[in-house]
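Reader: I'm new to this one. Can you walk me through it?
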Amino acid sequence: MTKPSLPELLHAAVAAVGGTERPGQVTMAETVAEAIDDGSHLLVQAGTGTGKSLGYLVPALAHGERVVVATATLALQRQLVERDLPRTVDALHPLLRRRPAFAMLKGRSNYLCLHRLHEGVPQEEEEGLFDQFEAAAPTSKLGRDLLRMRDWADETETGDRDDLTPGVSDRAWAQVSVSSRECLGASKCAYGQECFAEAARERAKLSEVVVTNHALLAIDAIEGAPVLPQHEVLIVDEAHELVSRVTGVATGELTPGQVNRAVRRSAKLVNEKAADQLQTAAEGFERLMELALPGRLEEIPEDLGYALMALRDAARTVISALGSTRDKSVQDEDAVRKQALAAVESIHDVAERITNGSEYDVVWYERHDRFGASLRVAPMSVSGLLREKLFTDRSVVLTSATLKLGGDFNGVGASLGLAPEGTRAEDTPVWKGLDVGSPFDYRKQGILYVAQHLARPGREGTRADMLDELAELIEAAGGRTLGLFSSMRAAQSAAEELRDRLDMPILLQGEETLGELIKGFAADAKTCLFGTLSLWQGVDVPGANCQLVIMDKIPFPRPDDPLMSARQKAVDEAGGNGFMAVAATHAALLMAQGAGRLVRASGDRGVVAVLDPRLATARYGSYLRASLPDFWYTTDRNQVRRSLAAIDAVANAAESNAAEATAAEPTVAESATVVESAEA
């Protein structure tokens with residue numbers, strides 16, 4: 001039997017998922033297949049509607065080697081495992097003459113721990129979960145959630161937190177999960193044979209396709225101990241998110257609460273001298289943190305340096321002592337010891353990292369209204385780490401709707417540790433970029449409007465002219481507006497002001513869960529939805545209910561963001577343009593994602609309105625505009641109002657016609673009556 005061609009395989013897969021084959025999808029699949037075959041690396045920009053999931057799954061399955069697919073969002077992981085992969089495998093089976101197995105794999109703390117669930121957690125100074133009589137009603141919501149999870153543990157096949165509906169708070173989940181450091185290990189655990197996390201790992205080892213998330217990919221790269229099974233191909237979807245996710249995993253944190261928990265957990269397991277040493281160090285650190293002011297620490301202050309050395313040394317003493325002292329009153333000592341060890345090791349590692357002081361790290365204080373002060377440390381850049389760990393011994397394909405910024409892939413490439421495209425040098429991964437376009441005709445479907453007449457946004461104060469412009473645009477659009485704001489304060493201020501001015505519902509992020517807000521926005525044409533960062537990337541509402549996307553200003557990082565400003569300064573000092581490499585790239589990525597909320601289907605029409613004149617007037621404006629979809633561009637406010645009113649009128653007419661057609665159809669009850677009459 002001759003080997004099926006890639007176009008044959010792709011055609012079968014697209015038909016199986018009920019999709020439409022796109023030229024961009026075919027080009028992507030062919031280029032991915034070439035990269036896999038010759039072991040090279042590829043960056044693919046594939047616009048919304050291209051069908052990029054099949055564009056990489058089909059050539060990966062056809063190749064036959066193990067592939068890891070890493071995504072940023074739960075929604076895409078679920079889509080791959082529950083919809084795309086089952087249908088694609090079924091469709092390709094007759095052609096490939098084999099049925100590739102696939103599995104989902106996440107970090108250990110995402111799975112319910114049966115040991116923690118049944119044996120409980122070490123007692124700390126927190127409210128009890130239950131009354132002392134087991135049969136009594138739970139004393140708190142935490143207790144009720146724990147009871148519900150006990151019932152769920154008997155039903156679930158995966159133990160995956162994301163399969164628990166409705167979900168529970170982070171605090172409740174912490175009662176029934178463990179980190180990899182806290183885990184006893186399958187061989188030492190009484191529940192090792194039934195462990196959900198171990199079962200997920202075993203499924204992954206036996207699968208040809210392993211779907212995971214960016215965080216686990218980062219842990220696999222950073223910690224050295226392999227978590228993912230050996231694989232020949234790595235596909236990173238939503239690759240625009242990868243750098244921030246890897247940075248998050250590589251960031252360490254110390255808080256007084258965290259240190260005090262470590263003290264409580266280890267106190268009964270070590271001698272009095274070791275316990276007192278850690279307690280004293282913790283008190284000294286807590287006193288310092290009460291006075292901490294937010295901002296970067298370019299030099300570690302002397303008093304903080306002493307406090308961190310005291311913490312590091314005390315933690316080291318406790319770690320050594322944990323191996324020798326036993327307390328007969330402690331139940332399930334192995335689990336208690338492992339949890340204490342994990343807590344103290346975490347304190348030791350972060351304190352030592354900051355104390356050692358690396359030129360490649362950024363250290364800063366943060367202060368949260370609710371949780372108080374924290375001390376954080378993050379890598380100046382993760383590009384070297386990614387170059388070394390990601391692009392060695394395997395073919396890597398990175399794809400997203402937004403990878404080409406300012407007209408090329410080099411900005412994103414640099415953040416991943418890649419030299420400019422086409423560069424050939426020793427120790428430099430060779431890669432190429434491919435833009436397969438979009439099935440949408442952006443110039444006919446959308447307008448990019450920049451409100452050039454407005455005042456430049458300042459750091460402080462309300463923007464009265466911006467709010468006037470915002471109100472007029474929303475009225476012209478008849479609602480149907482997604483408002484993307486650069487800060488939560490700006491979103492709240494705009495919502496409060498416009499709720500008084502406009503006779504339209506305005507939903508605000510934070511007033512309800514994101515899922516409920518998006519559902520409400522999609523259900524009613526007059527409704528507007530205002531919010532910040534997660535809305536720039538997380539909203540998918542095709543159709544007429546999202547015809548105006550507004551950005552209040554260019555989303556540059558805050559000037560007082562310690563990590564971003566440190567990265568910008570480092571590029572400047574190395575002779576580069578820090579503003580363009582860091583701030584403008586960050587803004588371009590977010591704006592491209594935000595503008596992508598407008599056109600989600602071939603029939604969508606609308607306007608992306610940027611209420612920041614700098615996009616039209618500043619030197620960097622052309623770079624940012626080149627990063628956006630190729631909409632028809634204007635600064636004419638009257639033209640945009642006329643266009644929005646016309647788009648609204650068409651949508652209203654379509655809705656009216658649909659309502660009349662629905663009214664003319666018999667209802668379900670009427671249909672049933674007709675059927676019964678005919679049968680009689």
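Predicted model: local features only at pLDDT ≥ 70, side-chain atom pairs only at ≥ 80, totals over all residues.

Reader: How many helices and strands are in the protein chain?
Author: The protein chain has 27 helices and 18 strands. Those are DSSP runs numbered from the N terminus (helices H or I, at least four residues; strands E, at least two).

Reader: What share of the residues is buried?
Author: Buried residues are 49% of the 680. Buried means under 20% relative accessible area, with a 1.4 Å probe and protein chains only.

Reader: Now α3. How many of its residues are buried?
Author: Eleven of its twelve, so α3 is largely enclosed by the rest of the structure. Among them are Lys52, Tyr56 and Pro59.

Reader: What follows α3?
Author: Gly64, with a positive phi near 90°.

Reader: Switching topic. At what angle do α22 and α23 pack?
Author: About 150°, with the axes 7 Å apart. Axes are lines fitted to C-alpha atoms over the stretch in contact, and angles run from 0 to 180 degrees between N-to-C directions.

Reader: Which residues make that contact?
Author: From α22, they include Met564 and Val571; from α23, they include Phe579 and His586. Contact means heavy atoms within 4.5 Å.

Terms used:
Residues numbered from 1 in each chain as written. Heavy atoms only, no water. Buried < 20%, exposed > 50% of the residue type's maximum accessible area, 1.4 Å probe, protein only.
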